[in-house]
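The following paragraphs lead through the architecture of one chain and then turn to its contact with a partner. Please keep the sequence and the model in view while reading.

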Amino acid sequence: METAELKQQLKKQIIEFLNLISVKPEDIKDDEPLFGEGLGLDSIDSIELIVLLGREYGIEIKDPKEGRKVLTDINTMVAYIEEHRTK
Amino acid sequence: MYIHKIYCISPQQDPLQADIECINEPVDKKLLAVEPSYEHIPPGVLRRMGKSIRMGVGTALPLLDKINPVDGIIIGSANAGLDECVKFLIQIVDYDEGQLTPGNFVQSTGNVIAGQLGLISKNKGYNITHMHQGLAFENAVIDAIMQLNTNPAHSYLLGGVDEISPFHYNIETLNGAYKKEDISNKEIYQSNTPGCLPGEGAAMFVVSADKDAAIAKIKAIQTIHTDDVELVKQQLQLFLEKNNQDSDEIDLFISGENGDTRTLPFYEACETLLNTDTTVLRFKHLCGEYATASAIGLWYACQILQTQEIPPHLFKKNQQKKRTGIF
């Protein structure tokens, strides 16, 4: 899967997993922070995103520090998925 | 106990719609609540809420005054976060107790509505949820009366909330609770089959012992759990006598009749105790049947007292007379 296609798929999955009712994939910028500013996600969302990576891409993140780096924005998530996905 | 503020979410855009031709009808045999945009709930919190939680919190927040905060929150809900609980349990099975998301879990408890209200409004007072199935709201009312007896200077948020969750709907369908045939809520009282139309909604009240500027007073409440029609009749007679209420003083009787031929004898038995001049209303064609529908029944009573207007389609027996307003 091309990177651009994966980004689009991931945005759709984030919206569905986190029930972001009023957000569309095009509203999520690739380099916009997912937490705090930008999309405004919180700590419960970070657990939801880690579960998303596990269920959809077979990626297991055990180290919280690593998780924080991976979940910075769409670009970092997609880079990590491309490198570590098992499905 | 006096009622000072009221608010509700029901299957009708206007909960007390005057024109029967304008009332919302069942969708897929269910009377589903018309939800507002929930402007009072922070978006980040709203997206994690299940329907009953949204309805409960969304109904309560407009009543909560920051200047005069209530001293406690008392909610009645037969199911509360049950649907979220079922979703979480399904996750446990589907993912073999592995990768579970916390969203459903944190919303899955019975006290989730009262808890969320406490958190959002920063209310650290008495916070309780009554979950006694069909008597959940009634027990919440009794609790509020007891709290006000102990703390007469306090005020409380009191409410009843329930949704049609897929799990609960399936169980109650198997239990024979609902009509098997397609039927409009406009014709529900002419039905001669067992079962009712499922509904959902939320009704909230701010109550206190202060009678100044109150909308209504709850003078007494009594519950009974029986399948004996005569016992219901006897208990209502005793209830009226105990509370010094002569049946011919009652202007209006709001019946919980729901189109189910199995429960109709109970309501009809109660009506035989009333004076022939008493007006009888029915409301469940508007909201459907659910465990805490009595909360919205109380909302209708308060609204009618406030506006002194009754939509014609609510009348079962119209004996309107201008008297004191004892329901």
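This is a predicted model: local features need pLDDT of at least 70, side-chain atom pairs count only at pLDDT 80 or more; totals for chains, interfaces and linings use all residues.

Strands of a sheet pair through backbone hydrogen bonds, either parallel or antiparallel. Strand β2 (residues 72–76) of chain B pairs with strand β4 (residues 155–162) of chain B in the parallel sense, over five bridges. Within this pair, G72(B) has Y156(B) in β4(B) as its bridge partner. Strand β1 (residues 2–9) of chain B pairs with strand β5 (residues 201–208) of chain B in the antiparallel sense, over seven bridges, and here Y2(B) stands opposite S208(B). β1(B) also has an antiparallel pairing with strand β6 (residues 216–217) of chain B, over two bridges. In that pairing I3(B) stands opposite A216(B).

A further open sheet, of three strands, has the order β7-β8-β9 (chain B) and again mixed pairing. Because β7 (252–255) and β9 (315–317) of chain B stand at the edges with a single partner strand each, one side of each is left without a neighbour in the sheet. Neighbouring strands of this sheet are turned by 30° against each other on average, direction ignored. Strand β8 (residues 279–282) of chain B and β9(B) run antiparallel and are joined by two bridges; L281(B) stands opposite F315(B) there.

Two helices of chain B form a contact of their own. Helix α8 (residues 229–242) of chain B packs against helix α9 (residues 264–271) of chain B at an angle of about 35°, with the axes 9 Å apart, and the crossing is right-handed. From α8(B), the residues V229(B), V232(B), K233(B) and L236(B) meet P265(B), F266(B), A269(B) and C270(B) of α9(B). Of the residues in this contact, seven are nonpolar, none is polar and one is charged.

Helix α9 of chain B also contains E268(B). Is this residue buried or exposed, or does it fall in between? E268(B) has 13 C-beta neighbours inside 10 Å and therefore counts as partly exposed. Between E268(B) and S255(B), which are 13 residues apart in sequence, the C-alpha to C-alpha distance is 9.2 Å.

Taken as a whole, chain B has eleven helices and nine strands. A compact globule of 327 residues would have a radius of gyration near 20 Å, so the 20 Å of chain B agrees with that expectation. Along the principal axes, the C-alpha atoms of chain B fill a box of roughly 65 × 50 × 35 Å. Buried residues account for 40% of the 327 residues. Among contacts in chain B between residues at least 6 apart in sequence, 78% join residues at least 24 apart.

The contact between the chains takes twelve residues from chain A and seven residues from chain B. On the side of chain A that touches chain B, six residues are nonpolar, three polar and three charged.

Terms used:
Residues are numbered from 1 along each chain as its sequence is written. Chains are lettered from A and ligands numbered from 1 in the order in which they are written. Axes are lines fitted to C-alpha atoms, for helices over the stretch in contact, and angles run from 0 to 180 degrees between N-to-C directions. Helices (H or I, at least four residues) and strands (E, at least two) are DSSP runs, numbered from the N terminus. A crossing is left-handed if the near helix is turned anticlockwise from the far one by less than a right angle, and right-handed if clockwise. Two residues are in contact if their C-beta atoms, placed from the backbone, lie within 7 Å. Ala, Val, Leu, Ile, Met, Phe, Trp, Tyr, Cys and Pro count as nonpolar, Asp, Glu, Lys and Arg as charged, and the others, Gly among them, as polar. The radius of gyration is taken over C-alpha atoms; the globule rule is 2.2 Å times the number of residues to the power 0.38. A residue is buried if 20 or more other C-beta atoms lie within 10 Å of its own, exposed if 12 or fewer, and partly exposed in between; C-beta atoms are placed from the backbone. Two strands pair if DSSP finds at least two bridges between them.
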